[in-house]
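Subject: Structure for your set-up

Hello,

Here is the structure you were expecting. Please look it over before you start.

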Amino acid sequence: MVLGIDVGASATKGILLNQDRQVVSFYVRDSGVDFKQAAEDTRMNCMSTAGIAEDDIKYTIASGYGRRSVSFADDIKTEISCHARGGYFHHPKACTIVDIGGQDSKVIRVDDAGKPISFKMNRKCAAGTGAFLVETAARLSIHLEQMEGLARGAQKEIELGSFCTVFTKTEILARISEGACAEDIARGVFGSVIKRIIEMDPLTGDVVMTGGVIAHNPFLGEMFEKKLNRKLFVPEKPQFAGALGAALFALEQSGG
Amino acid sequence: MAEETKVKRKRIAATGMMKKIMADYFYEMDKAVKAGAPKVAWCTSVGPAELLRAMGFLVHFPENHGAMLGATRTANDYIPLANAIGYSPDICSYLTSDVGAYLKGETPLSKAYPGIENVPKPDVLVFNTNQCRDVQDWFGWYSREFKVPIMGINTHRGVREVTKSHIDSVARQIASLVPGLEEISGNKFDLERLQETVDLSLECSQLWRQVLETAANIPSPFTFFDGTIHMGPAVVLRGTKTAVDYYKALLAELNDRVDKGVAAVEGERYRLYWEGMPIWGRLRDLSEFFAHLKASVLASTYCNSWIFDAFDPKEPFGSMAKAYTLLFIVRSDEEKEKYIEDMVTKFKLDGIVFHDSKTCPNNTNSRYGMPERLRESLDVNTVTIFGDLNDLRCYSEEQSKTNIEAFIEQLERK
Ligand code: SF4
């Protein structure tokens with residue numbers, strides 16, 4: 001058995017795989033401020049769900065923002081390689097993988113064999129990431145989890161044009177004072193995330209979407225499909241694509 | 001666990017000699033300022049340094065001082081001071097850190113060279129806009145501050161083919177500086193002396209080229225990071241015998257490394273090109289990071305910027321004009337791409353790292369689709385790092401390192 005662990009800026013995800021590349025158990029929790037603890041806790045939970053002991057794990061690969069904090073890992077790999085691997089596992093064709101995470105977004109193009117051809121990460125700011133949703137939810141005085149429902153129930157999408165999160169919040173204020181409702185603004189916020197991603201890459205070929213943002217906001221995926229005018233491929237557990245990729249690397253590196 | 005192991009960088013023995021040369025250079029200027037002679041000229045990196053030296057000036061290069069502010073990681077203490085007086089955080093951070101340091105009355109020179117309290121006060125400021133407009137604004141500020149004359153050359157930008165008319169116009173502008181410089185220095189222009197200086201600059205440049213080209217060997221004995229340190233004499237002392245002697249010594253040492261198969265990066269697996277400005281405050285860190293990934297960043301546009309093949313003592317003005325205009329930074333994207341393609345072949349490179357330097361669009365070539373075009377034409381991998389030459393507020397360590405690491409993982413799977 002092998003373990004893939006993805007310590008993201010917002011959430012830590014773990015996946016245990018058996019030799020046949022089947023998921024035995026998985027676990028996700030907030031990364032909090034102690035990445036070591038989050039990783040350890042994720043490993044313990046994956047093990048106890050699977051009913052296995054530490055020695056049963058042949059190899060562990062850590063990925064994500066906090067990958068270097070995972071002291072029990074045998075090796076580390078970047079989240080870019082892991083998302084490419086995890087995304088391709090779900091959609092084994094040349095494709096473009098879009099991962100929208102808590103603190104960054106990535107667009108990775110892989111070839112027919114799953115090898116990354118090129119990748120881009122968003123620039124420094126929160127635009128086009130989960131952090132942008134957190135900030136704008138606070139501006140709207142709603143819980144992050146409400147965003148999906150609001151956006152889905154909107155009549156129309158309010159245009160939000162700015163790159164900058166602070167400017168966007170000012171734009172939101174202006175729209176509120178003009179009488180716009182929270183639903184339409186929430187849809188505008190999703191629209192803004194999508195715009196930032198579309199600006200990163202032409203998104204050619206099949207597009208596979210992974211990450212926590214799509215996991216918690218499937219409507220954002222639906223909007224994305226409309227904008228692209230193409231079907232989007234979303235794995236069953238999009239948030240776990242990085243951890244799955246890490247586990248697949250672990251299997252390969254352990255000779256499994 | 002793949003812990004980041006501390007990588008020991010191989011020391012270049014000539015470093016000691018270089019440090020002494022640089023110290024002598026700064027002390028000589030300091031002494032001159034205190035004594036009132038010889039006169040001191042400030043010059044942009046590719047300004048007409050040959051002419052200034054031939055006219056008897058000692059030459060200070062504010063960009064070199066800017067790089068010191070970056071490398072000593074003090075730039076961010078000073079940039080805000082220049083921002084506050086109207087110099088935007090979006091413009092050259094050499095300019096803003098240098099002006100800010102002046103406003104605060106501090107310089108890294110005084111720490112490095114005890115006894116030196118200030119940057120050498122100029123008697124004249126001479127710029128060349130072949131690289132950017134910022135240098136003119138930068139020198140303009142000091143001209144007002146010190147109440148000293150400013151003069152310069154305005155050159156063409158985005159040049160595709162360097163033609164006679166380009167060269168003539170620049171040569172005329174260089175020649176037109178002579179009367180003013182005669183007056184300030186009190187020395188008569190001496191053609192022979194200019195020819196000698198151009199000859200020494202040519203020799204320095206040829207040796208510097210040979211030094212950089214040792215990196216074409218597998219493994220490479222020399223990295224871009226070494227280059228940013230060892231180019232010091234080529235930057236501040238071109239046109240002098242001191243610089244020539246230094247590069248003879250450095251070249252001998254590197255050739256010896258080549259003969260013995262000594263690698264600058266132990267176990268070199270990947271050979272990379274650095275396109276763009278150095279991130280001065282993170283040089284050591286990045287150098288170790290790449291080395292730990294067994295990647296040798298061994299060639300760069302930046303270090304090559306002090307190669308001037310066109311100098312010709314028989315035709316000093318024309319050849320200076322030509323050398324300054326043939327420079328990469330002055331050229332069109334087509335020419336730049338051809339240049340990088342040649343480098344990739346010559347140095348047997350696996351990939352290109354583009355540095356998108358926030359405050360220097362002039363030395364940033366990733367903004368108009370060049371990485372994408374080169375990826376197509378060369379089948380070479382590229383990655384873009386977002387940062388800055390001096391302003392570390394524009395640099396995200398974690399993002400950059402993840403990008404670099406992912407880039408190497410991509411090369412591993414190629
Ligand atoms: S070329 Fe760039 S770094 Fe150099 S002076 Fe101009 S703006 Fe500054």
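Below are the conventions, followed by what was found.

This is a predicted model: local features need pLDDT of at least 70, side-chain atom pairs count only at pLDDT 80 or more, and totals for chains, interfaces and linings use all residues. Residues are numbered from 1 along each chain as its sequence is written, chains are lettered from A and ligands numbered from 1 in the order in which they are written, and side-chain values use heavy atoms, with hydrogens and water left out.

Domains. Chain A divides into domain 1 (1-91 + 236-255) and domain 2 (95-232), with bounds from an automatic or database domain assignment. Taken over C-alpha atoms, the centres of these two domains of chain A are separated by 25 Å. In chain A, 12 residues of domain 1 are in contact with 24 residues of domain 2 (heavy atoms within 4.5 Å).

Salt bridges. The count over all chains is 48, a salt bridge being a side-chain nitrogen of Lys or Arg within 4 Å of a carboxyl oxygen of Asp or Glu. One of them joins A:Arg85 and A:Glu252, with the closest N and O atoms 2.9 Å apart. A:Arg85 lies in helix 2 (residues 79-90) of chain A and A:Glu252 in helix 9 (residues 241-253) of chain A, so this pair ties together parts 167 residues apart in sequence. Helices (H or I, at least four residues) and strands (E, at least two) are DSSP runs, numbered from the N terminus.

Surface charge. B:Asp190, B:Glu192, B:Glu196 and B:Asp199 form a patch of negative charge on the surface. Patch residues have over 30% relative accessible area and no salt bridge, with like charges joined within 9 Å; areas come from the Shrake-Rupley method with a 1.4 Å probe. B:Glu196 belongs to helix 10 (residues 191-213) of chain B.

Backbone. Most residues other than glycine have a negative phi, and most peptide bonds are trans. The bond from B:Ala37 to B:Pro38 is cis, with omega near -10°; B:Pro38 sits in the loop between helix 1 (15-35) and strand 1 (40-43) of chain B. The bond from B:Ile218 to B:Pro219 is also cis, with omega near -5°. A:Ser141, not a glycine, has a positive phi of about 55°.

Regards

How values were computed
Patch = residues over 30% accessible without salt bridge, like charges linked within 9 Å, V, L, I, M, F, W, Y side chains within 5 Å. Lys, Arg positive; Asp, Glu negative; His and termini not counted. Charge placed at Lys NZ, Arg CZ, Asp CG, Glu CD.
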